[in-house]
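Reader: I have a sequence and a model before me and would like to learn how to read them. Could you take me through the features step by step?

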Amino acid sequence: MADAVVIPGAKFGPGAPLPMYAGDVAGQRGAMVHRHMWTEDPPAPGPGREAWVQGQVAPVLDGLPGQPLLIGKSLGCFSAGLAADRSLPAVWLTPVLTAPWLTAALERATAPFLLVGGSADPVWDRAAARRLSPYVVEVPAANHGMYVPGPLTDTIAVLARIVVAVEEFLDDIGWP
């Protein structure tokens with residue numbers, strides 16, 4: 001059985017819509033989905049966050065057999081160094097592409113990964129995303145929460161689009 005580890009952002013945990021549904025895609029493929037919760041509040045923004053995230057996530061990975069899929073939202077994307085070190089495929093939702101230590105980790109990756117971001121997110125970098133991976137979904141006008149202007153149903157449609165993108169990515173890489 002394959003495993004998938006959902007690593008949340010700083011605020012809403014693994015049950016927030018983006019990481020929850022991305023994890024559900026893996027679950028519907030027969031994977032055991034492990035939804036990580038932070039054991040304490042994360043440190044202030046800066047390079048120390050990467051080490052903190054990796055310190056939280058490494059023990060989870062150490063307890064799993066095989067090569068799990070990582071699904072990270074924002075802060076959770078700082079586990080990209082672990083994915084690179086362990087050759088793990090990943091789905092990175094709203095990665096902080098303005099953090100040089102994150103883009104450096106993504107540059108080292110040998111396993112495929114999907115990057116999902118919005119053009120109105122100040123931490124999204126369109127050029128970096130396209131340079132780092134052939135698997136990129138950029139939603140016009142979406143902010144860091146992947147909300148778009150207009151009726152809430154437009155944002156729900158974005159969520160559906162992301163679920164389809166995760167399914168297609170996992171099909172493309174043959175996971176699991």
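This is a predicted model: local features need pLDDT of at least 70, side-chain atom pairs count only at pLDDT 80 or more; totals for chains, interfaces and linings use all residues.

Reader: What volume does the largest pocket have, and which residues lie nearest its centre?

Author: A pocket is an open set of points on a 1 Å grid over the protein atoms alone, where a 1.4 Å probe fits, with protein on both sides within 12 Å along at least five of seven lines, and its lining residues have an atom within 4 Å of a point. Grid points are joined across faces, edges and corners, and the volume is the space filled by probe spheres set on the points. Here the largest pocket has a volume of about 630 Å³, and of its 30 lining residues, Phe12, Leu18, Lys73, His144 and Gly145 lie nearest the centre.

Reader: Which helix gives the largest share of that lining?

Author: Helices (H or I, at least four residues) and strands (E, at least two) are DSSP runs, numbered from the N terminus. The largest share, six residues, comes from H6, and both helix H1 (17–28) and helix H6 (152–173) supply at least two residues of the lining.

Reader: Which residues of H6 are buried, and which are exposed?

Author: Buried means under 20% relative accessible area, exposed over 50%, and partly exposed in between, with a 1.4 Å probe and protein chains only. In H6, Thr155, Val158, Leu159, Ile162, Val163, Ala165, Val166, Phe169 and Leu170 are buried. They cover an arc (taken from the directions from the helix axis to the C-beta atoms) of only 160°, which puts them on the same side of H6. The face turned away from that buried side carries the exposed residues Thr153, Ile156, Asp171 and Asp172.

Reader: What do the buried residues of H6 pack against?

Author: Contact means heavy atoms within 4.5 Å. The buried residues of H6 pack against H1, strand S3 (69–73), strand S4 (90–93), strand S5 (113–118) and strand S6 (135–139). Leucine 93 is found in strand S4 and is buried, with a relative accessible area of 0%; leaving aside neighbours within four places in sequence, its contacts include Leu18, Ile71, Val116 and Ile162.

Reader: Where is threonine 94 found, and is it buried or exposed?

Author: Threonine 94 is found in the loop between S4 and helix H4 (100–108), and at 0% relative accessibility it counts as buried. Threonine 94 has a positive phi of about 50° although it is not a glycine. Alanine 141, in the loop between S6 and H6, likewise has a positive phi, of about 70°, although it is not a glycine, and at 36% relative accessibility alanine 141 counts as partly exposed.

Reader: What follows H6?

Author: H6 is followed by glycine 174, whose phi is positive, near 70°. In the segment after H6 lies proline 176, and the peptide bond from tryptophan 175 to proline 176 is cis, with omega near -5°.

How values were computed. Residues are numbered from 1 along each chain as its sequence is written. Side-chain values use heavy atoms; hydrogens and water are left out.
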